[in-house]
Amino acid sequence: MRTLYLMILVGTLNFGCAMTDLIGDSDDIDDVTASNAHPSDSLHKHVEKLARQLLSTSQFIDTNNTVAVGTILPTMISSGEPLPSHTALGLQIQESLMTFATQAGLKVLEYKTMPNIKISEQADKMLSRQVDDLNPTMAADYFLTGTYTLQETNTMVNIRLIQVPENIVLAAATDYVPNDAMWSASKVTLKNNQIYRNGY
């Protein structure tokens with residue numbers, strides 16, 4: 001009888017381990033529990049698709065080397081009244097790419113880290129975009145950077161992983177992000193190749 005109980009216990013444990021491995025090894029974000037998943041139409045979700053596409057084509061990455069993730073910049077700067085997305089879109093894509101690259105096991109270099117924490121009444125600052133606040137001697141083995149192009153209903157985003165100092169593109173990815181991924185479509189319009197905000 002003890003042997004029967006032991007066999008049932010071992011079988012249950014093996015089944016649990018098999019399910020854990022299945023979930024842990026899955027490449028499909030839909031298999032992740034709902035508490036960890038993000039909306040399918042969110043900007044972060046679209047950047048995840050880009051990151052997966054990029055990393056699946058990069059065969060020559062040495063994971064011991066460091067990666068610097070740059071701001072994703074527009075291919076053309078419009079002269080009209082710009083949406084905050086011209087700044088916020090590129091910065092948020094950068095932040096999401098840093099998250100996914102780190103989760104993929106790459107050594108992401110946070111070059112915006114200040115040598116000291118600046119404390120004010122409003123916040124404790126550890127990051128800066130002011131060159132004078134940063135360490136001038138940081139160097140990376142790879143740059144992860146790219147561009148985006150505004151279109152009528154979506155934005156084309158191109159990212160690439162560049163080996164430095166050779167400037168060789170090791171991997172690249174392109175995808176389309178809906179223009180309402182960060183803002184409601186009713187608040188965002190594109191006229192004459194210029195993006196406008198209709199309201200908050």
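Colleague: What should I know about the model first?

Modeller: It is predicted: local features need pLDDT of at least 70, side-chain atom pairs count only at pLDDT 80 or more, and totals for chains, interfaces and linings use all residues. Residues are numbered from 1 along each chain as its sequence is written, and side-chain values use heavy atoms, with hydrogens and water left out.

Colleague: How many cavities of 30 Å³ or more are there?

Modeller: A cavity is a set of points, on a 1 Å grid over the protein atoms alone, where a 1.4 Å probe fits but cannot get out; lining residues have an atom within 4 Å of a point. A volume is the space filled by probe spheres set on the points, which are joined across faces, edges and corners. Here the count is 2. The second largest cavity has about 60 Å³.

Colleague: Which residues line the second largest cavity?

Modeller: Among them are Ala51, Leu54, Phe100 and Leu161. The lining has 10 nonpolar, no polar and no charged residues. Nonpolar means Ala, Val, Leu, Ile, Met, Phe, Trp, Tyr, Cys and Pro; charged means Asp, Glu, Lys and Arg; the others, Gly among them, are polar. Helix H2 (43-56) and helix H3 (85-103) each supply at least two lining residues. Helices are DSSP runs (H or I, at least four residues), numbered from the N terminus.

Colleague: Is Ser96 buried or exposed?

Modeller: Buried means under 20% relative accessible area, exposed over 50%, partly exposed in between (1.4 Å probe, protein chains only). Ser96 has 1% relative accessibility, so it counts as buried. Ser96 lies in helix H3.

Methods
On a 1 Å grid over the protein atoms alone, a cavity is a set of points where a 1.4 Å probe fits but cannot get out, and a pocket is an open set with protein on both sides within 12 Å along at least five of seven lines; lining residues have an atom within 4 Å of a point.
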